[in-house]
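Open the model in your viewer and keep the selection tool at hand.

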Amino acid sequence: MKYQIVGEPMPAVICEVESGETMVCESGAMSWMSPNMQMETTGGGVGKVFGRMFSGENLFQNHYTAKNGPGMIAFASSFPGSIRAYEITPSTPIVVQKRAFLASTAGVELSVHFQKKLGAGFFGGEGFIMQKISGNGIAFIEIDGSAVEYTLAPGQQMLIDTGYLAMMDSSVQLDIQQVKGVKNVLLGGESLFNTMVTGPGRIVIQTMPISNFAGTISTFIPSKS
């Protein structure tokens, strides 16, 4: 499979696949394709269906396979931002925010990822449940806004405002930290809790979380009387 990411800030990834090769995506993610791409919708078993439900994804996935020759298929982002491609192997799974998965090759698996600490779950921005992407292949991930990547050394930490963490290696530990000081909490204009990540591993921070964007534009929408 060969791919090209085009069109930021409203990006799409265009995939050129060989005959018999399959791409997997969430329901509704396909934007355009060659006529020989055959679709099959699957839930992948009860456990996987419920896992996707808890992690904020659609209950079913679509599999597109090139028939009788090479094919082409494109997947477009649902929000202004970036699309990143990640090489997934059994030793290098990643954890991403809910609704970040866009598409992948057939060897990639999507499952639910529970935070180990309840505090991180209830207050860590993306919640108790994130998505774990494992297996073998290429996964395409949606990032809200631009993507800023850091590689943390063992024990190195970074404090991130709620909702800005888009992706991390599975080796990175996540916890929450309450903003200190009553004055800071009441007057600081920031979240009550921040996300603390500890290396080793990569993290990707997004510059415009969709939740923040929605909150900003809602102030300009007149309320119905």
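In which strand does Gln 61 lie? Select residues 61–66: this run is strand E6, and Gln 61 lies in it. The model is a predicted one.

**Stop 1: Gln 61**

Show the side chain of Gln 61. Is this residue buried or exposed? Its relative accessibility is 10%, so Gln 61 counts as buried, the cut-off for buried being under 20%. The side chains of Gln 61 and Glu 26 are joined by a polar contact of 3.0 Å.

**Stop 2: Asn 68**

Move on to the loop between E6 and strand E7 (71–76), where Asn 68 is placed. Check the backbone here: phi of Asn 68 is near 60 degrees, a positive value in a residue other than glycine. Most residues other than glycine have a negative phi. Asn 68 has a relative accessible area of 83% and is therefore exposed, since exposed means over 50%.

**Stop 3: Arg 99**

Next, select the loop between strand E9 (94–96) and strand E10 (101–105); Arg 99 lies there. Arg 99 is not a glycine, yet its phi is positive, about 70 degrees. How accessible is Arg 99? At 46% relative accessibility, Arg 99 counts as partly exposed, because that class covers values between 20% and 50%.

**Stop 4: a sheet of three strands**

Select E15, E18 and E17 together. These three strands form an open sheet in that order, and the pairing is antiparallel. Which strands are at the edges? They are strand E15 (157–161) and strand E17 (173–178), each of which pairs on one side only. From one strand to the next, the twist averages 30 degrees.

Now keep E15 and strand E18 (residues 193–198) on screen. Five bridges link this antiparallel pair. Strands of a sheet pair through backbone hydrogen bonds, so display the backbone atoms here.

**Stop 5: two cis peptide bonds**

Follow the chain out of E18 to the loop between E18 and strand E19 (201–206), where Pro 200 lies. The peptide bond joining Gly 199 and Pro 200 is cis, with omega about 25 degrees. Most peptide bonds are trans.

Glu 8 and Pro 9 are joined by a cis peptide bond, and omega is about 15 degrees.

Terms used: Residues numbered from 1 in each chain as written. Predicted model: local features only at pLDDT ≥ 70, side-chain atom pairs only at ≥ 80, totals over all residues. Heavy atoms only, no water. Pairing = 2+ DSSP bridges. Helix = DSSP H or I, 4+ residues; strand = E, 2+ residues; numbered from the N terminus. Axes fitted to C-alpha atoms, helices over the stretch in contact; angles between N-to-C directions. Buried < 20%, exposed > 50% of the residue type's maximum accessible area, 1.4 Å probe, protein only. Polar contact = N/O pair within 3.5 Å; in protein donor to acceptor, adjacent residues only side chain to side chain.
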